[in-house]
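Reader: Before the discussion begins, please display the model to be examined.

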Amino acid sequence: MSDAPVIVVGAGLAGLSCAVTLYEAGHDVRVLEASNGVGGRVRTDRVDGFTLDRGFQVALTAYPELHRQIDMDALHLQAFDPGALVWRDGRGHEVSDPFRKPASVASTVRAPIGGLADKARIGLLRQRVRTTHPAQLLRRDDISTEQALYDAGFSESIVQRFFRPLVGGIQLDPDLADSRRMFDVIFRMLADGDSAVPSTGMDAIPAQLAARLPNGSIELDRRVAAATAWSVTVDDGDEHAASAVVVATDGPAASNLLGLDPVPSKAAGCVYFAADEAPSDTRCVILDGTGLGPVLNVAIMSNIAPTYAPSGQHLIAAALPGHIGGDLEHTARRQLRRWWGPAVDTWDHLATYRIPHGQPGQAPPFAPKQPVALSDGRYVCGDHRDTASIQGALYSGRRCADAIIASRG
């Protein structure tokens, strides 16, 4: 078996990270991917000249694994403005980080999403998470995000009008039921860096990893039906020998293939519209401050990355965390019509994405850094083994590769 390659099942971020780390350490690797492209959940489609990420996604530039594994300059990142535009009472109210955008102080103070004490507490929260190492943030006593916010003294107003849509969009957790540990880490990443997208789409991240592997090492449309420590069997019945097997699929698929405990899923819907005129010139993410939803976040992607839309047109992404059923286009259009009037009816519908497994659940007590080496000799990686993030997927893949390398002396 020593002459056989390491077989990595899945060409998402974790699988590609694992494969690249192994290959660059001198090991033969083979990646089997069930779909027709690399990236897993980080995929991008091109429709009529528009760039549509499969679900509203951003890269947080403060993630250390991005800098370790990715050529950041080559991504030509296009950054959102810090903070958010909270839509309430018929207009947007800017709530920003005054340390990064001093001109926003006045608008942030006036924004009707809580009192002055709430905004001061945001500053205290920012200071706390930025002066604590992320590893320590992940070891704090754990409760739900909602309970942590209320325990910190935040009012119902700011929790429901700001944190709920913010966390709902980033962590797919509109109920604020997930771990405060992960919330603290994400809030620190938001304070430390930018939210951004590559100029050509989010799939530039996995594409860069895939390009570092030798030609022919990634095989698409190859669904694995069974995996042992020394072989995998694909759907056509062929068995392939391996010196090690890594299952790098999403959580539910990994659970099924490996017989692990079920991984809870957080779903998300996303609707893309094209418009001749942008409803706003903001470069911020727009949060639903009405509490009505179900669209919690809107991004006018062409304001942030003009390359996402053809010249003279605009791309609007409406994210619906927790919603994948029903007529999402009609639901999103009806809500946004209340924001921006009948002009919304003239927008062209480009695509609707329904993502049953957008992220793994992270209910308290949340314990990241789950084992990547299983007792039966198989290996597993993915954001469900670390944190539900690009950071977690990349780190998990590298950690899994390091475990294989260490096992070989």
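**Burial, fold and strand pairing**

Author: In this predicted model, buried residues make up 56% of the 409 residues in the protein chain.

Reader: How many helices and strands does the protein chain have, and what is its radius of gyration?

Author: The protein chain contains 14 helices and 20 strands. The globule rule gives 22 Å for 409 residues, and the chain is close to that value, so it is as compact as a globular protein of that length. The radius of gyration is 22 Å.

Reader: What share of the contacts with a separation of 6 or more joins residues 24 or more positions apart?

Author: A contact here means heavy atoms within 4.5 Å. Among contacts in the protein chain with a separation of 6 or more, the share from residues 24 or more positions apart is 71%.

Reader: Which residues of strand β9 point the opposite way from S195 and V197?

Author: In a regular strand the side chains alternate between the two faces of the sheet. Strand β9 covers residues 195-198, and its four residues are all buried. S195 and V197 point one way, and the other way point A196 and P198.

Terms used:
Residues numbered from 1 in each chain as written. Predicted model: local features only at pLDDT ≥ 70, side-chain atom pairs only at ≥ 80, totals over all residues. Heavy atoms only, no water. Helix = DSSP H or I, 4+ residues; strand = E, 2+ residues; numbered from the N terminus. Rg over C-alpha atoms; globule rule 2.2 N^0.38 Å. Buried < 20%, exposed > 50% of the residue type's maximum accessible area, 1.4 Å probe, protein only.
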